[in-house]
Amino acid sequence: MATTTNYNWTTPDDTDLVKDGAAAIRTLGSSADTTVKALNPGTTAGDIDYYTTSTAKARVGIGTAGQVLQVNSGATAPEWAAPSAGALSKITSGSFTEVASATVDDCFSATYKNYMVILNVFSVNSNSIDLFWQYRYSTNTQAATYNNSAFGYTSANALTGYGASSANSLELIQKVGEPAADVSIMNLLIQNIGTDTKPYLFGTGADGEDAINQLRIASKQTTARTYTGFILTPSVNTISGSYVVYGLEN
Amino acid sequence: MTINKYMHNVTTDQISVDVLTKSELKEHEQKISDYLEKKAKAQAEAEAKAAQRQAILDRLGLTADEAKLLLG
């Protein structure tokens, strides 16, 4: 019996009888149908086909939103899975315009112990604004027991500093810049947070008014709580700006 | 003039900008008042200290730079 080269489908021999032609065509068509189906195992929208052997294929159904395609633990097939957290994972970001306070709740959790917060803040009302930070827990604001110290080098070539013990807030920046072009920038590292702990905050930055060229700040909140967010408030008037929060791999 | 507050809940990804309530506005104004009072007090203390320092320098017949050199 004659067969095809690649898939070995049965075809009529040259000497077969014409009366057997219909049956021969049916056999050939059936073989082709089986092979084509095997090459296209998908059944559902979003399916992906993959080889299980050098010639056989199987389907993997579409994953759920946000999942990524990876190789399974046996290294035998692809599978959809939640992406693993990177060393630095963006938690959230946002911006605010001329507000008396900017609150970001539920950005800290037990998932990470350490977070990085990048702040860009400016004022449209005054260049004499100071910026304060307080932790949030659930929907409450922690308004006590902030210990902090900050020092900087001024545009007049002098060291300057400020700080407080057991204060009701943490002073992040003195003299927030007035126009958007004079934005004050701070990079904050917040450690030991997300569970019932006393968080530390370390920051570097510069005020927008160029009064303090470089600023270093260190702070400890001495009341242990499960802090989940933060609130920024100006000393007077309003603030505008933006924030990005990253979780750092434990 | 209204004053707004910005709130972002990361879990629900809900962002709201609301006008301060009466009690929040009162608290906001009190906070500003306390801050300005504290700042004015600190400035007055700094000015008094500077005046005191200058009075001593005048009595000794030294300039600030000369005093700095002497103490450095």
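Visitor: What makes β3(A) and β4(A) count as paired strands?

Guide: Four bridges join β3(A) to β4(A). Pairing asks for at least two bridges, so these strands qualify. Keep in mind that this is a predicted model.

Visitor: In which sense do β3(A) and β4(A) run, and which residue is the bridge partner of A:Tyr50?

Guide: The two strands run antiparallel. A:Tyr50 has A:Ala58, in β4(A), as its bridge partner. A hairpin of five residues leads from β3(A) to β4(A).

Visitor: Why is the meeting of A:Arg59 and A:Asp47 called a salt bridge?

Guide: The N to O distance between their side chains is 2.5 Å. The limit is 4 Å between a nitrogen of Lys or Arg and a carboxyl oxygen of Asp or Glu, so this pair passes. A:Arg59 sits in strand β4 (residues 57-60) of chain A, while A:Asp47 lies in the loop between α1 (21-39) and β3 (48-51), twelve residues apart.

Visitor: How many salt bridges are there over all chains, and how many between chain A and chain B?

Guide: Over all chains the count is five. Between chain A and chain B there is one salt bridge.

Visitor: Why is the link of A:Asp130 with B:Lys39 called a salt bridge?

Guide: Their closest N and O atoms are 3.2 Å apart. Three strands of chain A, namely β7 (88-105), β9 (131-137) and β19 (229-234), each supply at least two residues of the side that touches chain B. β7(A) gives the most, with 13 residues. By type, that side of chain A divides into eleven nonpolar, ten polar and four charged residues.

Visitor: How do you know that β7(A) pairs with strand β1 (residues 4-9) of chain B?

Guide: Six bridges link these two strands, in the parallel sense. Since at least two bridges are needed, they pair. Across this pairing, A:Val104 stands opposite B:His8 in β1(B).

Visitor: How many residues does each chain bring to the contact, and what area do chain A and chain B bury?

Guide: Chain A brings 25 residues and chain B brings 16. Together the chains bury about 1,500 Å², with 54% of it on carbon and sulfur atoms. In chain A, the residues losing the most area to chain B are A:Ala100, A:Thr103 and A:Asp106, together 26% of what that side buries.

Visitor: What confidence does the predictor give to chain A, to chain B and to the complex?

Guide: Chain A averages a pLDDT of 91, and 99% of its residues score at least 70. Chain B has a mean of 91, with 100% of its residues reaching 70 or more. The complex is given an ipTM of 0.73 and a pTM of 0.72.

Technical notes: Residues numbered from 1 in each chain as written. Chains lettered and ligands numbered in written order. Predicted model: local features only at pLDDT ≥ 70, side-chain atom pairs only at ≥ 80, totals over all residues. Heavy atoms only, no water. Contact = heavy atoms within 4.5 Å. Buried area = accessible area lost by both parts, 1.4 Å probe. Nonpolar A, V, L, I, M, F, W, Y, C, P; charged D, E, K, R; others polar. pLDDT = per-residue confidence, 0-100.
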